[in-house]
Amino acid sequence: MVNYLIRRLFSMTIVIIVSSFLIYMMLNLAPGGPLWELTQAGSSRESALTREDYARLEKMLGLDKPMHLRYIIWLAGDDWLDGGTRKGVIRGDWGESWRVAQGMSVMELISSRIGNTIILSGAALLLSLIIAIPVGIIAAVKQYSKLDYALTAFAFFGVAMPVFWFGLMLILVFSLQFKAWGLPALPPGGTESLFGPDQGSFLDRLQHLIMPAIVLSLFQTASWSRYMRSSMLEVLKQDYVRTARAKGVIERLVITKHAVRNALIPIVTVIVLSLPSLFNGAVITETIFAWNGMGRLYINALTRGDYPVLMIFLLISAILVVAANLLADVVYTFIDPRIRYS
Amino acid sequence: MGTLLEVKDLRTEFHTQDGIVHAVNGVSFHVDEGETLGLVGESGCGKSVSMLSVMRLIPMPPGKIASGSVLFQGRDLVKVDDEEIRSVRGNKIAMVFQDPMTSLNPVLTINTQISEALELHLGMTKEQARKRAVELLKMVGIPEAEGRIDDYPHQFSGGMRQRVMIAMALSCSPQLLIADEPTTALDVTIQAQITDIVKRLKRELGMAIIWITHDLGVIAGLADRINVMYAGFVIESASNKELFANPLHPYTLGLLGSIPRLDEAHKAKLTPIEGLPPDLIEMPKGCPFHDRCAYRTDKCANENPALELGAVRHQVACWNWQDVQKLRATIKR
Amino acid sequence: MRKAMLVLIALGVLAIVVACAAPTASPPQVVKEVQTVIVAGTPVEKVVEKVITATPPPTQPPAATKAPQPKTLVVCMSQEPDTLYFNGSNMMVTTLTLEAGYRDGQLGGIDQRDYDYQPIILQKLPSIKDGDAKITKVKVKAGDTIEKDGAVVKADKDMELDQISATFKMKAGLKWSDGTVMKASDSVFGYKTGLDKDSGITTRYTRDRTASYVATDASTTVWTGIPGFVYALYNTMFFEPLPEHVLKDIAPKDIKASAFGRKPVGYGPFRVTNWVSGDRIEMEKNPNYWRASEGLPKLDRVIYRFIPDTNQLTAQLIAGQCDIGTQDALNTDAIPFLDQAEKNGLLKPYYIPGSTWEHIDFNTQPTKAPKPRVDLFSDVKVRQAIAFGTNRKEMNDKILFGKSVIMDATVPATHWAYPKDDSQLAKYPYDPKKAEALLDEAGWVKGADGVRAKGGVKLSATISTTAGNKPREAIMQIFQANMKAIGVEIKLDFPPSTVLFGRGKDSDYMSGNFDLMLYAWVAGTEPTLLVYTCDQVPTAALTWSGQNNTYWCNADFDKAYSGFNGNLVREDRVKFTADAYKVFTKELPALPLYQRVNVYATNPRVLNFKPNPSASETWNIEELDVKQ
């Protein structure tokens with residue numbers, strides 16, 4: 001196992017370095033870039049960027065150097081070169097944002113969003129788990145019953161419902177219409193109230209969390225419940241379930257002790273592989289509900305060519321995806337005794 | 001010896017999208033205490049389904065026991081409530097399944113799986129159950145049982161797993177062991193070992209056995225009595241010796257013809273039975289075997305024969321069994 | 001497209017709900033109370049019971065009546081400013097936020113309303129007429145820095161040139177928000193900071209053309225331009241002050257990353273107290289505001305929130321969580337919904353024809369491009385025909401719900417540069433018959449398929465615009481149908497804006513590889529004329545960096561432009577713009593369509609909201625107030 005982990009960590013490192021290089025190249029080659037919006041300013045002489053201006057700004061951001069050198073500086077810093085001060089990502093220097101929050105360190109920028117993202121994605125993840133697993137089990141155990149059909153209908157609703165539309169409908173009903181009816185309404189968006197006695201309290205934040213968490217978890221809940229259902233159906237057909245029944249084990253234990261544990265094995269992969277979303281956030285949901293999370297930061301950085309922010313975001317995402325894969329493999333060894341790595 | 005299990009007119013159906021599959025069509029038989037009954041037939045002839053029906057283990061839906069009774073120790077197992085049938089399963093009647101590779105739960109240790117029934121039916125504590133599980137493993141001949149009790153199924157070979165299955169089935173000293181083709185999935189040498197273990201344990205423990213197989217060769221050395229099934233019917237029932245000496249049903253005859261025999265390996269070719277068993281959804285009106293039968297008459301196509309006494313302790317369901325008997329006699333000569 | 005449909009349906013449903021809700025809708029003041037009731041409870045379901053059955057918790061009414069709540073205004077915009085250090089940001093939302101949290105006025109203490117300049121912290125704008133600005137003839141030696149033909153160059157020989165200087169006098173009582181008195185030297189410090197090569201300032205146009213900028217006393221600065229720089233906006237050459245006492249020890253390149261970048265010490269009506277990155281900027285009343293004695297600002301707190309989604313922002317407005325929705329966050333799609341919401345008293349929308357105007361550029365020299373194209377539009381008659389055949393009123397009615405105005409020249413008719421007497425301008429009311437006659441005259445004859453052709457060449461053109469812009473997509477469709485009616489085949493093309501406007505060695509569209517192009521210019525105080533001059537025609541030598549995408553070059557127009565540009569007296573300049581527009585509208589290198597509509601909305605409780613097309617919507621933030 002230790003050998004296996006060492007080998008995996010080694011290959012992970014290579015994968016991450018290669019992917020970071022490719023990401024860097026692709027970002028830099030894409031049209032647009034950090035100076036793009038400046039070049040678009042205005043039809044007057046005062047606001048138009050001259051070539052001298054452009055060259056000066058390029059130099060300021062270090063964009064005047066050849067691309068491979070820029071990548072090396074980004075990765076390993078330039079304090080070993082003439083006049084550089086950058087330490088490079090591998091020595092913990094994440095750089096400063098160019099566009100999203102000029103001059104702010106990327107570390108600070110990301111830490112300002114990561115909490116909200118973990119709260120939202122984590123809540124959605126928990127909600128999905130709490131709902132999807134039992135729903136999948138019940139639907140499988142009661143296959144072809146009315147309950148099963150109802151849960152199937154829910155799952156199709158969840159998978160097919162466009163997030164922005166569903167979110168809008170929730171806002172419409174639970175924020176606006178409820179208020180119009182004089183009922184207690186949920187806040188339409190944001191992470192906390194801006195004023196009022198409860199501003200920023202746990203309850204206040206919880207109220208802001210409810211709708212986005214539901215919207216974000218809907219698709220996941222629906223698809224996971226389908227996974228769970230089919231996995232469970234598969235397991236219930238297995239001989240060992242019949243063996244358990246032949247032993248006279250009561251049905252509840254047949255399901256929970258014999259079937260669910262086996263049915264969860266493939267689901268765990270899906271769940272573990274979704275863990276990077278705790279960092280990545282959810283662009284659409286965050287946008288609809290004005291939730292100040294990583295997804296919005298990413299889109300903002302992407303549209304404005306904020307390479308330092310983008311690179312760290314994508315790098316961490318890549319690390320998390322690779323790590324989640326490793327984690328899934330490791331978790332396997334705990335839940336499935338048949339699997340051992342060497 | 002008294003009758004342990006009496007099955008009367010058992011009918012089991014499966015309701016599928018294509019129609020009703022008539023898997024078991026009015027099967028009646030009995031098992032005496034301590035007796036070994038062989039249940040023989042091709043795949044899909046209803047032998048497994050009839051036994052699963054006895055245990056009420058067929059999946060419902062789509063399966064359904066349409067009629068009949070299963071009398072066991074004075075109770076009709078078809079009618080008792082779920083609680084009661086569970087107290088019988090694994091306790092009074094135990095079952096060993098065909099494929100040991102899939103019949104054990106891969107994520108639970110052997111100890112957990114054996115102890116489960118012991119704790120459930122005999123009210124043992126975990127420690128007691130574990131001790132007993134080790135004894136059981138020793139009983140079925142698993143070496144170093146103490147060291148292996150906490151292993152997982154995948155750490156055992158196929159033959160060893162079947163031993164575990166048998167140990168599990170025998171854990172509560174059942175009065176009836178249903179062995180559903182327990183050796184089919186195993187190597188020939190392992191098959192013999194398993195058969196020997198069952199024989200030995202039967203001697204030691206004295207339970208009745210219903211041994212399901214499609215292989216007459218296996219059953220010949222085991223059974224006291226043999227029921228031959230075809231298309232959901234019992235078509236012939238006789239004592240072991242009688243059946244092999246004097247088969248009366250053309251199907252049984254066909255089965256015997258398709259057994260490879262060591263003593264005449266090069267003399268006669270195996271003669272397979274031509275054709276296929278009938279569609280269980282649209283059962284033919286007459287004898288289910290008539291399509292494939294060399295002895296068929298017009299009557300066979302229209303009327304289904306019932307079991308009738310053909311010889312001493314020998315029942316057969318065929319309109320023309322006398323002709324079969326005569327003809328066979330001439331061939332032998 | 002599907003997404004667009006759904007959004008429309010969503011808005012429709014929203015409108016219906018709002019309509020249904022109308023009779024029961026609470027008066028706006030109640031909004032906050034309802035909100036607090038909600039906030040008081042834990043799970044929402046339980047609160048329902050409380051509200052219906054139980055009396056409100058007794059602790060609340062006293063709390064509400066005791067001290068008056070601070071007057072808070074929430075401005076909601078779609079984007080977040082990238083910095084509050086003005087050098088280096090060109091975002092509209094930065095300008096907007098800076099007007100409250102840093103400075104007073106839109107740039108350097110000067111406002112820009114109605115396409116003109118107003119002094120805010122200056123006693124007056126200098127003018128040559130008043131004598132506080134003057135043009136003098138100066139002798140220039142070879143090698144001196146001068147401006148020639150719009151470029152900063154070294155003089156090649158001794159000569160005599162015009163030189164402008166202007167004197168700016170600051171008002172009395174100006175203070176930084178930390179209480180320090182603001183001095184003229186702070187403006188000079190601001191000027192010098194921008195000179196640093198790493199200051200991050202985007203363009204150095206004016207700094208490059210400044211010979212000297214000095215403080216002559218505590219409240220007076222004098223700007224002197226380089227010889228030859230005859231600059232009509234000399235009266236705005238007061239540089240944005242920076243607090244020297246705060247920043248003197250910080251290198252210009254480090255200011256952005258310092259505390260000043262996000263919590264500047266300014267002289268605006270408010271000062272930043274808290275910036276929650278990605279979510280909001282909170283500001284409080286600046287006690288040292290120079291107009292504090294007038295009771296300004298009227299608000300105690302301002303919060304700028306960043307809400308990227310229009311629907312969310314609208315919901316927040318209706319829910320009373322936003323007081324002002326800015327123009328960058330709202331668009332013309334929302335007009336029917338906003339009108340409906342206004343009827344129900346939920347919010348107040350404002351539609352102002354803005355300074356951004358859409359136009360269709362003709363490629364007048366398509367054969368000279370590196371990737372030559374068929375010549376369709378070098379003939380002025382064809383361009384005029386297209387103009388007559390384009391139903392711009394339909395565009396305004398269908399896309400902007402009639403809220404805008406059609407443009408005849410390159411400035412709005414309300415702009416000072418628009419000729420008082422516009423009868424000299426060629427106008428192109430929708431007249432398909434005239435269009436067809438012009439095309440016939442030009443030799444383009446209708447073929448069997450209804451498309452005109454001349455010498456075997458079909459009158460079939462591609463119009464290109466930026467992808468993902470719904471109003472432009474709608475314009476394109478109307479244009480396509482209009483053109484089909486007069487026998488012109490139009491194909492639609494939607495490249496991403498980075499491709500369409502990509503300049504440099506590898507320019508595609510910008511090197512002339514297009515027939516027609518739909519995009520917008522922004523009208524400033526100075527009219528949009530420069531971009532149609534000959535020296536702005538992109539060339540390979542200058543890596544296609546010119547701005548005249550029509551490739552149209554006209555001596556008469558250039559003459560009018562240089563007359564306009566070299567003149568400092570507004571009355572005379574208008575004469576030159578009239579000349580320029582006479583040529584422009586007749587030659588028509590580009591067809592102006594309409595002014596984009598700026599859409600704003602406020603909660604009905606907001607007072608004194610007076611949006612202006614050429615100023616930010618909160619230009620009078622110190623005077624904004626809320627009903628309590």
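Guide: Happy to! Contact here means heavy atoms within 4.5 Å. With that in hand, let's look at Asn25(B), which, apart from neighbours within four places in sequence, is in contact with Leu10(B), Arg11(B), Ala231(B), Gly232(B), Phe233(B) and Met283(B).

Some ground rules: this is a predicted model, where local features need pLDDT of at least 70 and side-chain atom pairs count only at pLDDT 80 or more, while totals for chains, interfaces and linings use all residues. Residues are numbered from 1 along each chain as its sequence is written, chains are lettered from A and ligands numbered from 1 in the order in which they are written, and side-chain values use heavy atoms, leaving out hydrogens and water.

Asn25(B) sits in strand S2 (residues 19–32) of chain B; helices (DSSP H or I, at least four residues) and strands (E, at least two) are runs numbered from the N terminus. With a relative accessible area of 8%, Asn25(B) is buried (buried is under 20%, exposed over 50%, partly exposed in between, with a 1.4 Å probe and protein chains only). A polar atom of the Asn25(B) side chain lies 3.0 Å from the backbone oxygen of Ala231(B).

Because 12 of the 13 residues of H6(B) are buried, the helix is largely enclosed by the rest of the structure. Among the buried ones are Arg161(B), Val164(B) and Met168(B). The partners of these buried residues include helix H3 (110–121) and helix H7 (188–205) of chain B, and also helix H9 (239–246) of chain A.

Chain A brings 19 residues to the contact and chain B 27. The area buried between them is about 2,100 Å², with carbon and sulfur atoms giving 61%; buried area is the accessible area (1.4 Å probe) that two parts lose on being put together, summed over both. Two salt bridges cross this interface, a salt bridge being a side-chain nitrogen of Lys or Arg within 4 Å of a carboxyl oxygen of Asp or Glu. One of them joins Lys257(A) and Glu116(B), at 3.3 Å from N to O. On the chain A side, H9 and helix H10 (251–273) are the elements that give two or more residues.

Chain A also meets chain C, with 67 residues from chain A and 86 from chain C in contact. Between these two chains about 6,500 Å² is buried, 60% of it from carbon and sulfur atoms. On the side of chain A, Arg45(A), Gln102(A) and Leu194(A) lose the most area to chain C, together 13% of what that side buries. The interface of chain A and chain C has four salt bridges, including the one between Glu192(A) and Arg280(C), whose closest N and O atoms are 2.7 Å apart.

As for chain A itself, it has 14 helices and zero strands, and 55% of its 342 residues are buried.

Conventions. A polar contact is a pair of N or O atoms within 3.5 Å; within protein, one must be able to donate a hydrogen and the other to accept it, and residues adjacent in sequence count only if both atoms are side-chain atoms.
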